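The following report describes selected features of the structure shown below.

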Amino acid sequence: MSDPITVDAATAIDFFADGGFYQFPSINFRTPNVFAMVAFIGDLVLKVPAPAWTEDFEKYAVHEVRDAVNPCVRPADTIETARGVQSALAGFPEFQTLFAADPHASHFLVVHKLQHQRLRHAHLVNVPEARFILLKRRRLGVFSTVSPAIVQERSRGTALLAMFDDVRNEIRNEWRHCLPTIRSILNRLIDSGLRDHLNWFIANFIFDGETGILSYVDSKPSFLFARSGNERNIDGLRKWFGCA
Ligand SMILES: Nc1ncnc2c1ncn2[C@@H]1O[C@H](COP(=O)(O)OP(=O)(O)OP(=O)(O)O)[C@@H](O)[C@H]1O
Ligand SMILES: [Mg+2]
């Protein structure tokens, strides 16, 4: 069998297939975020889960832990748990082969694919195209699994976080003319069924001033983050962007 293709050889998202195997890239990852190690490859973004992401996935989707003190936005649905993954797989035959080889990695990928579909099918915000893959690395001449990973199309524009002037505690002057557009999209999202499926951290939203398109780039389902922090982030966005 030929070697798996290296991720950094990719030029477009269609290079990747869900459930496929690829070689770990040779490029450097940016300083890790809390959950994801992120690498930008041309017009693509590669996200490899940092320990916090895999450990929390194990905690909430495999062991189905529920935190009493600081609960997550919601518990994992049965279809998202290790008990339910078989029924999820019925809708995603492209992960079947992978499941036989690595049930944990394919459970992780299928659940994140479900989250991606949930967001895309709502048509309320731009959600970049993504593929859900497995990374392998050659050790002692043999390819072994390193990690599940997500490849996304890169959203061009400015993160809402970068529009915020934290010295003056307000949106920078040069972005003020975009406030009505951003506000109306955020209002629509806050009032929608997606409210409890988004991570409202301000850095997860990217606005393209030329097209007026707002993108949401975070990949995590909402059983992986706390409701209290998420509500605080909604309040912050409402305040800074003047939402209803
Ligand atoms: N598709 C994308 N296009 C452009 N930028 C992106 C994309 N995906 C991620 N980023 C950038 O990388 C950051 C981290 O990605 P992501 O939110 O998926 O990881 P995370 O671990 O949840 O990060 P954090 O802990 O900061 O929320 C994003 O806040 C965004 O600035
Ligand atoms: Mg994020």
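In helix H1, the residues Trp53, Phe57, Tyr60 and Ala61 are buried (20 or more other C-beta atoms, placed from the backbone, within 10 Å of the residue's own; exposed means 12 or fewer, and partly exposed in between). Seen down the axis of H1, these buried residues fall within an arc of 90°, so they line one face of the helix; the arc is that of the directions from the helix axis to the C-beta atoms. Pro51 and Glu55, on the other side of H1, are exposed.

This is a predicted model, in which local features need pLDDT of at least 70 and side-chain atom pairs count only at pLDDT 80 or more, while totals for chains, interfaces and linings use all residues. Residues are numbered from 1 along each chain as its sequence is written, and chains are lettered from A and ligands numbered from 1 in the order in which they are written.

Helices (H or I, at least four residues) and strands (E, at least two) are DSSP runs, numbered from the N terminus. An open sheet of three strands has the order E6-E9-E10, with antiparallel pairing; strands pair if DSSP finds at least two bridges between them. E6 and E10 stand at the edges, each with a single partner strand, so one side of each is left without a neighbour in the sheet. Four bridges join E9 to E10, and Asp208 has Ile213 as its bridge partner in E10.

| Strand | Residues |
|---|---|
| E6 | 158–159 |
| E9 | 205–208 |
| E10 | 213–216 |
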